[in-house]
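The sequence and the model are shown first, and the description follows.

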Amino acid sequence: MILDILIWAALAVGLAFNALGVAGILRFPDVYTRLHADTKCTTFGSIFTSAAIVLYAAGEYLKAPEGQYLTLALHTVLAVVVLAFTNATSAHAIARAAHKRGHKPAQAVCDRLEESAP
Amino acid sequence: MTRWIFTALVLVALMLLAMVRLFKGPTAADRVVALDAINTLVVAAMIVLAVVFRQFIFVDVAIIYALLAFVGTLYIAKYLGGEL
């Protein structure tokens with residue numbers, strides 16, 4: 001019962017943050033703000049939808065202790081760790097590439113990377 | 001079971017919304033950002049679909065998909081930055 005409520009809460013938080021990330025992609029003015037909204041919101045949302053899966057696997061394991069639910073939970077945690085690392089790194093790479101290509105932030109008043117570039 | 005199908009459908013709808021930016025994006029960097037978002041949503045949806053179809057091997061596929069999408073994004077970023 002409590003587990004069901006927790007799973008619904010995790011799913012609601014995850015889907016809400018994923019939706020916010022996609023709304024940020026559609027609404028924000030330039031590539032850096034879009035990247036900012038997308039990376040943080042979708043990573044956080046995917047962590048929460050995966051947390052719901054881990055909670056479900058834990059509940060099923062408590063009902064009937066089978067190894068497959070343990071495997072599901074462990075592999076989901078591994079997928080989330082992989083997602084967290086790769087999302088952060090690829091966001092950094094995209095922002096760096098966009099700056100090197102010459103895209104300027106839309107409404108920024110100063111550009112420290114441009115000033116410090118050799 | 002219904003909640004997992006609902007979650008998967010919402011994630012697919014979000015992918016389609018992100019695809020609007022993928023097609024519309026004024027610059028190539030915008031398209032890469034949209035592609036990155038779609039990749040993250042695909043991984044999340046694949047983990048949920050593992051429970052929907054009771055095929056827990058899908059989670060392993062999701063891990064490999066995340067790693068390969070990461071390599072692809074890095075290559076596109078290197079190309080856009082003129083380093084390739």
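B:Arg54 belongs to the loop that runs between α2 (28-52) and α3 (57-80) of chain B. Helices here are DSSP runs of H or I with at least four residues, strands are runs of E with at least two, and both are numbered from the N terminus.

B:Arg54 is exposed, because 9 other C-beta atoms lie within 10 Å. By definition, a residue is exposed if 12 or fewer other C-beta atoms, placed from the backbone, lie within 10 Å of its own, buried if there are 20 or more, and partly exposed in between.

## Basis of the description

The model is predicted: local features need pLDDT of at least 70 and side-chain atom pairs count only at pLDDT 80 or more, while totals for chains, interfaces and linings use all residues. Residues are numbered from 1 along each chain as its sequence is written, and chains are lettered from A and ligands numbered from 1 in the order in which they are written.

α2(B) is mostly covered, with 21 of its 25 residues buried. The end C-alpha atoms of α2(B) are 35 Å apart, which agrees with the 36 Å that its 25 residues should span at 1.5 Å a residue. That expected span is 1.5 Å times one less than the number of residues in the helix.

## Chain A as a whole

Chain A has 4 helices and 0 strands, in the order α-α-α-α along the sequence. Its C-alpha atoms fill a box of roughly 60 × 25 × 15 Å along the principal axes.

The radius of gyration of chain A is 19 Å, whereas a compact globule of 118 residues would have one near 13 Å; the value is taken over C-alpha atoms, and the globule rule is 2.2 Å times the number of residues to the power 0.38. Of the 118 residues of chain A, 41% count as buried.

## Where the chains meet

In all, 40 residues of chain A are in contact with 39 residues of chain B, contact being a distance within 7 Å between C-beta atoms placed from the backbone. On the side of chain A that touches chain B, α1 (2-27), α2 (31-63) and α3 (67-101) each supply at least two residues. The largest share, 19 residues, comes from α3(A).

Key
Contact = placed C-beta atoms within 7 Å.
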